[in-house]
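Grab a pencil and work through the exercises below with the structure on your screen. Try each task before you read its solution.

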Amino acid sequence: MNKLEAFGHIAALAIRGDLVFPTSVNAALRVQLALDDPDCPMDEAIRLVLAEPQLAARTVALSNSAMFSRGGGTITNVRAAINRIGYHNLYALAAAMVVRQFGSKIADPALRVKAEQLWQHTVHVACLARIIAREVTEVNADTALFAGIVHEVVGFYLLSRADEFPGLLDPDPENWQPASEEIILREVMNKLGIPEPVASAIEGLRDGFLGVPPETLLDTLLLANHFSPVASPLGTAREEVPQAESVVDLFIDEEMAARMVAQAELDAAAMNSAMLV
């Protein structure tokens, strides 16, 4: 099966809703979907988190990181951890587990390297999106963090299937891949229950233009991708801001960019540390 046939086969399966997720992804997904309810009682959130020991450990670890502790005391239990980071960030952490688990069963060493680089790209974009939302676009920072975490979910999904389809990620000189990838992306996001505003921004990344002034979630993701110090290993057009460097400079000067990238590096390290628990 060549690359075209492989993409066509996976796209056809996606249209039918026949998406293959690792068991660990399904477990984390159940938690994420439950936490999507803003009226979820605290006791129920605690029960859900404790039912997934990895998520429980990571929630406490993230609450004690520099990203959220802000000089507060050490957190030692899930209830206090959820109170500190909030439902939105707990939801984002569950989503990060979902994304991370896609690479957990990859056997090919070269694909594992790509999956790790894609994760590092993802976490840097997520942390930058959170900062850019606060300082530039003024969109909801928690939503921006979540959108950054899931913005490359189709790349993780394809990497998780690449062992089954050798050549799936080979170069695409005829540029027919984007159409199939958009179908797969749409169905994966639907399966993961990604809210429409976030899904719309992610779909717009391939061909979207930076607004003047930048003020949307799509603008936030475009800028976060632009400033990310770690590039996506999949080399798609989504990673480029389709404007001249001078347009970005109108809103983010060199000093501001350097400060945001440095803060995002610290936040990314905190999130990486929590994900390794």
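**Exercise 1. What does D219 touch, and is D219 buried or exposed?**

Step 1: Skip the neighbours within four places in sequence, and D219 is in contact with T137, F209, L210, G211, P213 and P214. Contact here means heavy atoms within 4.5 Å.

Step 2: Locate D219 in helix α12. Helices are DSSP runs of H or I with at least four residues, strands are runs of E with at least two, and both are numbered from the N terminus.

Step 3: Check the accessibility: D219 has a relative accessible area of 3%, so D219 is buried. The cut-offs are under 20% for buried, over 50% for exposed, and partly exposed in between, using a 1.4 Å probe and protein chains only.

Before you go on, a word on the source: this is a predicted model, where local features need pLDDT of at least 70 and side-chain atom pairs count only at pLDDT 80 or more, while totals for chains, interfaces and linings use all residues. Residues are numbered from 1 along each chain as its sequence is written, and side-chain values use heavy atoms, with hydrogens and water left out.

**Exercise 2. Which peptide bond is cis, and what lies around P213?**

Step 1: Most peptide bonds are trans. The bond joining V212 and P213 is cis, with omega about 0°.

Step 2: P213 sits in the loop between α11 (196-203) and α12.

Step 3: Now look at F251, in the loop between α13 (245-249) and α14 (254-275). F251 and P213 are 38 residues apart in sequence, but their C-alpha atoms are 7.6 Å apart in space.

Step 4: Leaving out neighbours within four places, F251 is in contact with V212, P213, P214 and M256. F251 has 26% relative accessibility, so F251 counts as partly exposed.

**Exercise 3. How do α8 and α12 pack?**

Step 1: Two packed helices are described by the angle between their axes and the distance between the axes. For helix α8 (residues 141-150) and helix α12 (residues 217-227), the angle is about 55° and the axes are 10 Å apart. That makes α8 oblique to α12.

Step 2: Here's how those words work. Axes are lines fitted to C-alpha atoms, for helices over the stretch in contact, and angles run from 0 to 180 degrees between N-to-C directions. Under 35 degrees is roughly parallel, over 145 roughly antiparallel, 65 to 115 roughly perpendicular, and the rest oblique.

Step 3: Find the residues that make the contact: T143, A144, A147 and G148 of α8, with L217, T220 and L221 of α12. By class, that contact has four nonpolar, three polar and no charged residues.

**Exercise 4. Which residues have the most contacts inside the largest nonpolar core?**

Step 1: A nonpolar core is a set of buried Ala, Val, Leu, Ile, Met, Phe, Trp, Tyr and Cys residues joined through side-chain atoms within 4.5 Å. The largest one has 96 residues, and I149 and V150 have the most contacts inside it.

Step 2: Helix α7 (residues 109-137) gives the largest share of this core, 14 residues.

Step 3: Zoom in on V150, which touches A95, V99, I194, V198 and I202, not counting residues up to four places away in sequence.

Terms used
Nonpolar A, V, L, I, M, F, W, Y, C, P; charged D, E, K, R; others polar.
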